[in-house]
Amino acid sequence: MVPLDRQDATHAQLVLEMLLESGPDFASGEALSGKLGLSRTAVWKVVNALRDRGYSIEAVPSRGYRLVRVPDRLSGLEILPLLETHDLGRTVHAFDSLPSTSELAFRLATEGADHGELVVAETQTAGRGRRGRSWASPAGKSLYASLVLRPEFPPQRAPELTLLAAVAVAETLRGDGVEASIKWPNDLQIAGKKIAGILTELSAEADRVHFVVLGIGVNLNASPSDFPPDVAAVATSVMRVLGRKVNRAAFLARLMKVLEHWLDVHEEQGFGPVRARWRALSSTLGLEVLVKTERRELRGMAEDIALDGALLLRTEDGLERVLAGDVEQIRPRVRP
Ligand code: BTN
C-alpha cells in the first residue's frame, strides 16, 4: 500500500466525510470535485487510493459514489471523518504495533505534544495495566488508546480525571447497549468480568500538572481464545456481550466525544457532577469489600467516594480513606 502524502490524505478524508454524510445515497462526482476543488479524474484517483486501503466504494455513472464498507482498522483515515470533538483525537498517531500506546504518548507529551493528541495501536507488545500488571492486547480486536491531556489544575486533583475517564468509558459502552458499571477506581465490568481498564499516568511538579496520559483499553471484538487463559477467565468483550462485532473507529470516535463532554463539564463545574455520575454508575458502593493497597489490606463497607476521588471505607476501626488499591467483593450489596 503506497503511503498517502499529506495532501492526498486530506483529500481522502474529505471524500470519506462526504461519502459518510451521504449514507446509503450516492454522492455525485460533481459534488465531490466541487468540494475538493479537484477535477473528476483526481477524485477518481482518491477513490481508488481508498479502495487500495480496503474501502469498498461503489461507482455508478451519472449517480456518483457510494460507500459500501469501511475496513476494520484504526488509523487517522478511519477515525478523523467520524470525530465530533474540538480537541480530542484531532491529531492521531496510529501504529500497527507498539510496546505501549501510553509509553509513546508519554514520550510525545514530554516532547511537547498538545492537549488531545491521541496514540492508537492495533496491538501492544508490552501493554501496561494498573499496579505494574500487563494488559493483554490481541491484534486488531480491541481498542488501545492513549490521550495526552494538559489540565489546568494541581496534581492532587489528577485522580478526578481517572474517575472521569471511567464515567466516559461506561457511558460509551452503555450507548452501545453494554450495561457496564465501574468497580472502584476505574475498572469497567459487566457481570463481574472486566471489559475495559484505564491507566492514568502523570507528569507534574508540586503545584502544576505538566500533562496526564490517559491510557484506555476496551475489549471490543476479542474472543476468549484471543486472551491468555488467566485473562480469559476474568475478561469479557463487547462482542461477547452483544453477540456482534463493533466498529472500532466508530466506538473510539464516540468515546472521544463523551470524554470531551465530561472534560468540559469538569472544567466548568468542577468534580461534583463527575462524582455524582460516577456514583450512579458504580458497582462498588454499598458492598462489603476487601481493599488491597501497596501496604495493607482493609475490610469494610464501601461507603462513598470522597471529594478527591478517594474510596471511603467503613471499617471496624472507623472511616478509612483509600487513594489507590484493588477492590474485591466479599459480601453481597447491603444498600442500593
Ligand atoms: C488496568 O489495569 O485496568 C488498566 C489497563 C489500561 C490499558 C490501556 S491499553 C492502552 C494504554 N496503553 C497501555 O499500555 N495501557 C493502556
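A residue counts as buried under 20% relative accessible area, as exposed over 50%, and as partly exposed in between. By that scale Arg131 is partly exposed, because its relative accessible area is 34%. The legends below describe close-up views of a predicted model.

**Figure 1. Arg131, a residue with positive phi in the loop between E4 and E5.** Arg131 is not a glycine, yet its phi is positive, at about 55°. The residue is found in the loop between E4 and E5. Its relative accessible area of 34% places Arg131 in the partly exposed class.

**Figure 2. Ser137, a buried residue of the loop between E4 and E5.** Strand E4 covers residues 118–124, and Ser137 is placed in the loop between this strand and E5. With a relative accessible area of 9%, Ser137 is buried, because the cut-off for that class is under 20%. Leaving aside residues up to four places away in sequence, Ser137 touches Thr123, Gln124, Gly127 and Tyr144.

**Figure 3. The largest cavity and its lining.** The structure holds two cavities of 30 Å³ or more. About 160 Å³ of space lies in the largest of them. This cavity is lined by 20 residues, and the closest to its centre are Arg128, Trp135, Leu199, Gly215 and Gly217. Sorted by class, the lining has nine polar, seven nonpolar and four charged residues.

**Figure 4. The second largest cavity.** The volume of this cavity is about 30 Å³. Its lining is made up of Ala222, Ser223, Pro224, Phe227, Ala235, Thr236, Ser237 and Arg240. Four of these residues are nonpolar, three are polar and one is charged.

**Figure 5. The loop between E9 and H7, with Asn221 and Ser225.** Helix H7 spans residues 229–232, and Ser225 has its place in the loop between E9 and this helix. Asn221 lies in the loop between E9 and H7 as well. Which of the two classes, buried or exposed, does Asn221 fall in? At 2% relative accessibility, Asn221 counts as buried. Ser225 is exposed, with a relative accessible area of 68%. Not counting residues up to four places away in sequence, Asn221 touches Asp72, Lys141, Ser142, Asp226, Met239, Lys245, Val246 and Arg248. Ser225 and Pro138 are 87 residues apart along the chain, and their C-alpha atoms are separated by 9.9 Å. Asn221 and Gly270 are 49 residues apart in sequence, and the distance from C-alpha to C-alpha is 35 Å.

Figure 6. Pro185 is placed in the loop between strand E6 (181–183) and strand E7 (187–190).

**Figure 7. Ala191, an exposed residue with positive phi.** Although Ala191 is not a glycine, its phi is positive, at about 50°. Ala191 lies in the loop between E7 and E8. Its relative accessibility is 80%, and Ala191 therefore counts as exposed, the cut-off being over 50%.

**Figure 8. Ile195, a buried residue of strand E8.** Ile195 has its place in strand E8. The relative accessible area of Ile195 is 0%, so the residue is buried. The C-alpha atoms of Ile195 and Val178 are separated by 9.7 Å, and the two residues are 17 residues apart along the chain.

**Figure 9. The contact of helix H9 with helix H10.** Two packed helices are described by the angle between their axes and the distance between the axes. Helix H9 consists of residues 248–269 and helix H10 of residues 272–281; their axes come within 7 Å and cross at roughly 130°. H9 and H10 are therefore oblique to each other. From H9, Trp262, Val265, His266 and Gln269 take part in the contact, and from H10 they meet Gly272, Pro273, Val274 and Arg277. By class, this contact has four nonpolar, three polar and one charged residues.

Methods. Residues numbered from 1 in each chain as written. Predicted model: local features only at pLDDT ≥ 70, side-chain atom pairs only at ≥ 80, totals over all residues. Heavy atoms only, no water. 1 Å grid on protein atoms, 1.4 Å probe; cavity = no way out; pocket = protein on both sides within 12 Å on 5 of 7 lines; lining within 4 Å. Points joined across faces, edges and corners; volume = space filled by probe spheres on them. Nonpolar A, V, L, I, M, F, W, Y, C, P; charged D, E, K, R; others polar. Axes fitted to C-alpha atoms, helices over the stretch in contact; angles between N-to-C directions. Helix = DSSP H or I, 4+ residues; strand = E, 2+ residues; numbered from the N terminus. Parallel < 35°, antiparallel > 145°, perpendicular 65-115°, else oblique. Contact = heavy atoms within 4.5 Å. Buried < 20%, exposed > 50% of the residue type's maximum accessible area, 1.4 Å probe, protein only.
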